[in-house]
Amino acid sequence: MAFSSAFAASPRINPERQNELVHLVRQDCGSCHGMLLRGGLGPALTPETLKDKPADSLVSTILHGRPGTAMPPWKNLLSESEADWIVDRLQKGFPDAR
């Protein structure tokens with residue numbers, strides 16, 4: 001399924017993989033960051049909380065985790081462009097799972 005125009009398909013990531021990434025964020029990330037991404041064990045991942053955070057720093061956190069915290073590295077499951085796609089969507093308002 002394609003996203004609404006607010007979440008137009010990225011030229012680097014096909015729509016099927018985008019759906020998989022949305023599911024991963026909602027389920028796996030949501031288990032710590034809250035199912036609505038408004039915080040839990042981990043901080044909120046809403047546009048408001050991420051608006052002043054550098055995207056490259058957020059991508060690095062996704063890929064390499066945060067030592068000493070519950071945030072694991074995802075580099076074995078995600079490419080840098082996929083992590084970048086996730087950060088872009090989080091900063092704009094993450095789409096619902098399809």
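Predicted model: local features only at pLDDT ≥ 70, side-chain atom pairs only at ≥ 80, totals over all residues.

Biologist: OK, where is His33 found?

Modeller: His33 is in helix H1, which covers residues 15-33.

Biologist: And does His33 count as buried or exposed?

Modeller: Buried, because its relative accessibility is 11% and the cut-off for buried is under 20%.

Biologist: Which residues is His33 in contact with, leaving aside neighbours within four places in sequence?

Modeller: Arg38, Gly39, Gly40, Gly42, Pro43, Leu45 and Met71.

Biologist: Let's look at H3, then. Which residues are buried there?

Modeller: H3 runs over residues 55-64, and Leu58, Val59, Thr61, Ile62 and Leu63 are buried in it.

Biologist: What covers them?

Modeller: The cover includes helix H2 (47-50) and helix H4 (80-92).

Biologist: What follows H3?

Modeller: Gly65, with a positive phi near 70°.

Biologist: Last bit, the whole protein. What share of residues counts as buried?

Modeller: 40% of the 98 residues. The accessible surface is about 5,900 Å², and 54% of that belongs to carbon and sulfur atoms.

Biologist: And the contacts between residues at least 6 apart in sequence, what share joins residues at least 24 apart?

Modeller: That would be 52% of those contacts.

Technical notes:
Residues numbered from 1 in each chain as written. Heavy atoms only, no water. Buried < 20%, exposed > 50% of the residue type's maximum accessible area, 1.4 Å probe, protein only. Helix = DSSP H or I, 4+ residues; strand = E, 2+ residues; numbered from the N terminus. Contact = heavy atoms within 4.5 Å. Areas by Shrake-Rupley, 256 points an atom, 1.4 Å probe, with all protein chains shown as cover.
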